[in-house]
Amino acid sequence: MHWFVLLMVFAAVSGICYILCRTLFSDLDHSGTERSGGWDGRTQLEYFISKPKLRKIQICFATVGALIMLCLLLVAGVTVWAIPILMLMAGGAAYALPLLYYKNKVKKRCLAFKSRLLDVVLGLNNGMRSGVALPQALEVVGRDIGGVMQEEISMTLYEYRLGVDLTEALVRLEKRMPDDNLKLFVTAVGISQQTGGSLSDILDKIIDTIRQRSIMEDKINTLTAQGKFESIIMACAPLMAFVILYLLDRQLMLPLVTTVLGWAAICVVLILETVGYLFIKKIVTVEI
């Protein structure tokens, strides 16, 4: 009966909070969703969701996260003074989850773009060697390649048709999708447009550079994969140990969440775990 009452209270409060959030922020659903003709002033995150709508989702997540923490603390019998602090921490963590989710989508989109850059440069080089101008070669490659690369090339060609210089349109592409290899390609195109040199010969060297960088990145990711996995396990091990011990012997672990000394120990563990995780992540992160 105790669990049932807690569940009903949580469901009722969650429903009320959802209705309030939907009522208060209903005007944010359509704001910022319309896309303009270009990407000036927009970020990659706004490609997936507008900032007002993201804020609304974050508020809903924070409310539900705080309520879930409240129910868990009531079941665990945690002291009253610690409940507001833990609810605030849970709400803050839940508030950050939607942003982390969409940032991960942005990261995947950038990786998908980066993985096809070599194919684009190869296609442009082959097209230019066959006598096709750069804009036409870019249009052919963009039409056949598909995916994220096709979207970005289409936007670049759209700006070019509106009267923007091709070099400037490529610079805007590099600002939307920051990448060292793309920057190298855009710089080569800009120099070729100014000096009138052979762009095909430059693209041959760029292709070789991109290949060597890809090989090096694959080797580094393989060598650092174990370290990244160890950092995640190290960060999750104390929490997993606490949950297992709490389920096996509740009376043994109860002082850890009901006394000031126990909460002080938890804070120290959290600080040390965070520092250790950041140190390992810094060690295994290699910038090329």
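Begin the tour by selecting Glu174: this residue is buried yet forms no salt bridge, and the nearest side chain of opposite charge, Lys183, lies 5.6 Å away. The model on display is predicted.

Next, display the surroundings of Glu174. The residue belongs to helix H7, which covers residues 166-176. Apart from neighbours within four places in sequence, Glu174 is in contact with Asp179, Leu182, Lys183 and Val186.

From this set, select Asp179, located in the loop between H7 and helix H8 (180-195). Asp179 is buried, its relative accessible area being 12%. When residues up to four places away in sequence are not counted, Asp179 touches Lys114, Leu117 and Glu174.

The crossing of H6 with H7 is right-handed. To view the contact itself, select Glu152, Met155, Thr156, Glu159 and Tyr160 on the H6 side; these meet Leu166, Ala169, Leu170, Arg172, Leu173 and Arg176 of H7.

Finally, turn to the cysteines. Cys60 is buried, with a relative accessible area of 18%. Cys267 is partly exposed, at 43% relative accessibility. How many disulfides does a search of the whole structure find? The search returns zero.

Conventions
Residues are numbered from 1 along each chain as its sequence is written. This is a predicted model: local features need pLDDT of at least 70, side-chain atom pairs count only at pLDDT 80 or more; totals for chains, interfaces and linings use all residues. Side-chain values use heavy atoms; hydrogens and water are left out. Helices (H or I, at least four residues) and strands (E, at least two) are DSSP runs, numbered from the N terminus. Buried means under 20% relative accessible area, exposed over 50%, partly exposed in between (1.4 Å probe, protein chains only). Lys and Arg count as positive and Asp and Glu as negative; His and the chain ends are not counted. A salt bridge is a side-chain nitrogen of Lys or Arg within 4 Å of a carboxyl oxygen of Asp or Glu. Contact means heavy atoms within 4.5 Å. A disulfide is a pair of cysteine sulfur atoms within 2.5 Å. A crossing is left-handed if the near helix is turned anticlockwise from the far one by less than a right angle, and right-handed if clockwise.
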